[in-house]
Every structure is written in structure tokens, then in C-alpha cells.
Amino acid sequence: QVELVESGGGLVQAGGSLRLSCAASGRTFRLATMGWFRQAPGKEREFVATINWSGGITDYANSARGRFTISRDNAKNTVYLQMNSLKPEDTAVYYCNSVLGHQAMCDTCWGQGTQVTVSS
């Protein structure tokens, strides 16, 4: 069973930046395609970004492309999400999970998430 712990969220003004981290336990992390998702109040959880096991292939939701960068450090079992030029509509709880395409793979692996609030 993989345990995922997200951190790095906070309150930031529009135009600001945050760097989220997702620390994963488990030996299979280094082979897993990982991704970030977010859920805004009253909305469904949505895909944000994904990165393959080596870090060589990334993909983004249209809303994140050009502003967010996903990366990973397999030595630290950690995935990152650098978020720049933040907008109020980026306000949400952000989660990580293993990914297939744009879908989360492990329903039982969701962590507590990290809250990102962007003020206008």
C-alpha cells in the first residue's frame, strides 16, 4: 500500500507562486507514473499534471500548461508541482496519486491533500 503525503500549500496573491510536494512511501513509486489533481469547493476532482517514471514525459491540463511544472526526485520518493502565475481559479485542495492517462490509479491511496488559496 502506497502512502501519499502532500504539502506546500498556502495562501498567495494572484500572480504568485507555490511549490507543492508529494512524498510517497513504497518501493513501487520509482516505477509509477504520478500525477497531481485538484478539487475546488463544490466541484469534481480534476486532473492537473502527470509525469512518467523517469521524469522524461510530462502532460498538463490546459488550465495548467505554461504555468505549472511537474517534476520528481526518485531518490527522495517525491513529486513536485511548481505553480507560477497563480489565479484565483487555482484555489483548491491539491492531491497526488499514481496515474494512468489522466485518471488516478489508486482509490485507496488519496492523502489529505494540501490547500492552495489564491486571493485576487
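Residues 24 or more positions apart account for 54% of the contacts in the protein with a separation of 6 or more, a contact being heavy atoms within 4.5 Å. The structure on display is a predicted model, in which local features need pLDDT of at least 70, side-chain atom pairs count only at pLDDT 80 or more, and totals for chains, interfaces and linings use all residues. Residues are numbered from 1 along each chain as its sequence is written, and side-chain values use heavy atoms, with hydrogens and water left out.

**Whole chain**

The C-alpha atoms fill a box of roughly 40 × 25 × 25 Å along the principal axes. Of the 120 residues, 44% count as buried, that is, under 20% relative accessible area with a 1.4 Å probe and protein chains only.

**Nonpolar core**

Next, select Trp36, Leu81, Met83 and Tyr94, which touch the most other members among the 29 residues of the largest nonpolar core. Such a core is a set of buried Ala, Val, Leu, Ile, Met, Phe, Trp, Tyr and Cys residues joined through side-chain atoms within 4.5 Å. Strands that each supply at least two residues of this core include E4 (34-39), E8 (78-83) and E9 (92-100). Strand E3 gives the most, with four residues.

**Two disulfides**

Now show the cysteine side chains; the whole structure holds two disulfides, each a pair of cysteine sulfur atoms within 2.5 Å. Cys22 is joined to Cys96, with an S to S distance of 1.8 Å. Because Cys22 lies in strand E3 and Cys96 in strand E9, this pair ties together parts that are 74 residues apart in sequence. Cys22 is buried at 0% relative accessibility, and Cys96 is buried at 1%.

Move to Cys106 and Cys109, which form the other bond, with S to S at 1.8 Å. The torsion about their S-S bond is about 65°, so this disulfide is right-handed.

**Arg67**

Finally, select Arg67, in the loop between strand E6 (58-60) and strand E7 (68-73). Arg67 is buried, with a relative accessible area of 12%. Its side chain makes a polar contact with the side chain of Asp90 at 2.7 Å and reaches the backbone oxygen of Ser85 at 3.0 Å. A polar contact is a pair of N or O atoms within 3.5 Å; within protein, one must be able to donate a hydrogen and the other to accept it, and residues adjacent in sequence count only if both atoms are side-chain atoms.

Definitions and conventions:
Buried means under 20% relative accessible area, exposed over 50%, partly exposed in between (1.4 Å probe, protein chains only).
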